[in-house]
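Dear colleague,

Here is the structure I said I would pass on. My notes on what was found in it follow below.

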Amino acid sequence: MLWLVLAAPIFAQASGVQIIDPDGLLGAQRAEVEQAAQQLAGEGAQVIVVTHRADPDDTAQTAEQDLGSLLQENNLASSPQQLNPNQIVYYVRIPDTDPDQGFTGIYFGTTWRDQLDPVYQSIADQQITAQASTGDLAGGLIAGINATRNTINPPTPAFVYVLAGVLG
């Protein structure tokens, strides 16, 4: 039994998903976020989701510094700019007073650069931030993770299956 307790962190990291939610912002929807992250991990990514409550005087620079500290503390990366090649990090920092004044960032390693460079900011803005500002942080993260997964491995259009059936 003791072995299972000691080995649990190793198994959690091996799954390709790490969720860091020290303030419990995901609440009961944490499992749904983890499920979406597991699907993205199935594409070969190590997915890291970090949510944090912001201070009213936070800036983008202090938010990024805090993310770097959290990544280092959890032995995941030395900074958001020095990720392992297959890592994708979703970072949301939301103040209690005004969710519109939060910080959202998507960081990724070199494996994903070609696919995500053109679209990561629109995913952060249109999926994560848009829903988080309405109070649906988990829904925003799920939408952002799914948009990333669809960018990395676009779904096969239905006409391909129809064409394959006709040819078969």
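Please keep in mind that this is a predicted model. I begin with a pair of helices, α5 and α6. Helix α5 covers residues 120-132, and its axis and that of α6 come within 6 Å and cross at roughly 160°. An angle over 145 degrees counts as roughly antiparallel, and α5 and α6 are therefore roughly antiparallel to each other. Their crossing is right-handed. On the α5 side the contact is made by I123, Q127, I128, Q131 and A132. On the α6 side the residues are L137, G139, G140, L141, A143, G144, A147, T148 and T151. By class, the contact of α5 with α6 holds 7 nonpolar and 7 polar residues, and no charged ones.

Helix α6 (residues 137-152) also packs against helix α2 (residues 30-41). Here the angle is about 10° and the axes are 9 Å apart. Since angles under 35 degrees count as roughly parallel, α2 and α6 are therefore roughly parallel to each other. From α2, the residues E32, V33, A36, A37, Q39 and L40 take part. They meet A138, L141, I142, I145, N146, T148, R149 and I152 of α6. The contact of α2 with α6 divides into 9 nonpolar, 3 polar and 2 charged residues.

Next, the strands. Strand β3 runs over residues 87-95 and is mostly covered, with 9 of its 9 residues buried. In a regular strand, side chains alternate between the two faces of the sheet. In β3, Q87, V89, Y91, R93 and P95 point one way. I88, Y90, V92 and I94 point the other way, and the residues of both sets are all buried. Strand β2 (residues 46-54) pairs with β3 in the parallel sense, over 9 bridges. Within this pairing, Q46 stands opposite Q87 of β3.

Last, the protein as a whole. How many helices and strands does the protein have? There are 7 helices and 4 strands. Along the sequence they follow the pattern α-β-α-β-α-β-β-α-α-α-α. The protein has 168 residues, and buried residues make up 39% of them. Of the contacts in the protein with a separation of 6 or more, 65% are between residues 24 or more positions apart.

If you want a place to start, look at α6, which has contacts with α5 and with α2.

Regards

Terms used:
Residues numbered from 1 in each chain as written. Predicted model: local features only at pLDDT ≥ 70, side-chain atom pairs only at ≥ 80, totals over all residues. Heavy atoms only, no water. Axes fitted to C-alpha atoms, helices over the stretch in contact; angles between N-to-C directions. Helix = DSSP H or I, 4+ residues; strand = E, 2+ residues; numbered from the N terminus. Parallel < 35°, antiparallel > 145°, perpendicular 65-115°, else oblique. Contact = heavy atoms within 4.5 Å. Nonpolar A, V, L, I, M, F, W, Y, C, P; charged D, E, K, R; others polar. Left-handed = near helix turned anticlockwise from the far one by under 90°. Buried < 20%, exposed > 50% of the residue type's maximum accessible area, 1.4 Å probe, protein only. Pairing = 2+ DSSP bridges.
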